[in-house]
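Okay everyone, thanks for coming. Let me put the model up and then walk you through a few spots in it.

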Amino acid sequence: MMLRYRRSRAFAVAAIAAVSLLAGCGNSPAEEPVAQPVPRLTFHPCDGFGPDAQAVAGIDGKIPKRYEDREEPYQDWACSFRSDDPYFGVLVSSAAKLLSKTENDARLTLIDDTQIAGHRTLLHDFPGGLQCVASVDFDTAVLEIMVGYKQVGVDTADQACPLALKVAQDLGPHFPEHL
């Protein structure tokens with residue numbers, strides 16, 4: 001009888017130890033990383049870049065084309081402007097994503113990593129989309145300035161990329177504090 005009691009007690013202790021060990025292998029609820037909500041955008045390029053900013057950037061002042069606001073897979077507000085000298089279209093968008101998402105996008109070819117108005121800015125060629133993209137970092141969001149090529153007056157990435165960078169630099173003094 002004593003032997004059976006010792007075996008049962010030993011088995012119980014081993015079972016408790018195993019359960020404790022297994023419970024310790026995972027993170028406790030207090031240790032699990034909590035996903036922080038991404039702040040909502042507050043800056044729409046169609047509303048935020050007024051006539052003065054548009055004039056400095058060489059945008060012709062016509063009413064910009066406002067695209068439908070997108071919420072998935074991340075919030076994105078876009079606006080298309082036109083310039084007559086040189087002739088090109090430019091799409092400006094506020095995107096609630098981190099710059100690292102753009103930085104790590106294998107579809108993009110990095111042309112330049114620079115600063116504009118105190119913000120890290122990446123200039124990429126996106127040959128699959130026939131456009132150059134200047135992505136301006138705002139910590140929890142990115143302002144993207146895109147100039148397409150294969151359009152009237154802009155035929156190559158070598159022409160589109162300097163235009164995207166110039167528009168970003170021209171708009172720099174008019175950047176909002178937050179997107």
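**A buried lysine, and what surrounds it**

Let's start with Lys97, which counts as buried because its relative accessibility is 11%; buried means under 20% relative accessible area, exposed over 50%, and partly exposed in between, using a 1.4 Å probe and protein chains only. Before I go on, this is a predicted model, so local features need pLDDT of at least 70 and side-chain atom pairs count only at pLDDT 80 or more, while totals for chains, interfaces and linings use all residues. Residues are numbered from 1 along each chain as its sequence is written, and side-chain values use heavy atoms, with hydrogens and water left out.

Back to Lys97: you'll find this lysine in the loop between strand 3 and helix 4 (99-103). Helices (H or I, at least four residues) and strands (E, at least two) are DSSP runs, numbered from the N terminus. What does the side chain of Lys97 make a polar contact with? That would be the side chain of Thr102, at 3.4 Å. By polar contact I mean a pair of N or O atoms within 3.5 Å; within protein, one must be able to donate a hydrogen and the other to accept it, and residues adjacent in sequence count only if both atoms are side-chain atoms. Setting aside neighbours within four places in sequence, Lys97 is in contact (heavy atoms within 4.5 Å) with Tyr74, Thr102, Thr140, Ala141, Val142 and Glu144.

On to the strands. Two strands pair if DSSP finds at least two bridges between them. Strand 1 (residues 65-66) pairs with strand 2 (residues 76-84) in the antiparallel sense over two bridges, and Lys65 has Ser80 as its bridge partner. Strand 2 also pairs with strand 3 (residues 87-95), again antiparallel, over nine bridges; there, Cys79 is partnered with Val92.

Last stop, helix 5 (residues 157-171). Its buried residues include Ala157, Cys161, Leu165 and Leu171. Which elements cover them? Among them are helix 3, strand 3 and strand 4 (109-116).

Zooming out, the chain has five helices and seven strands, and buried residues make up 39% of its 179 residues. That's my tour.
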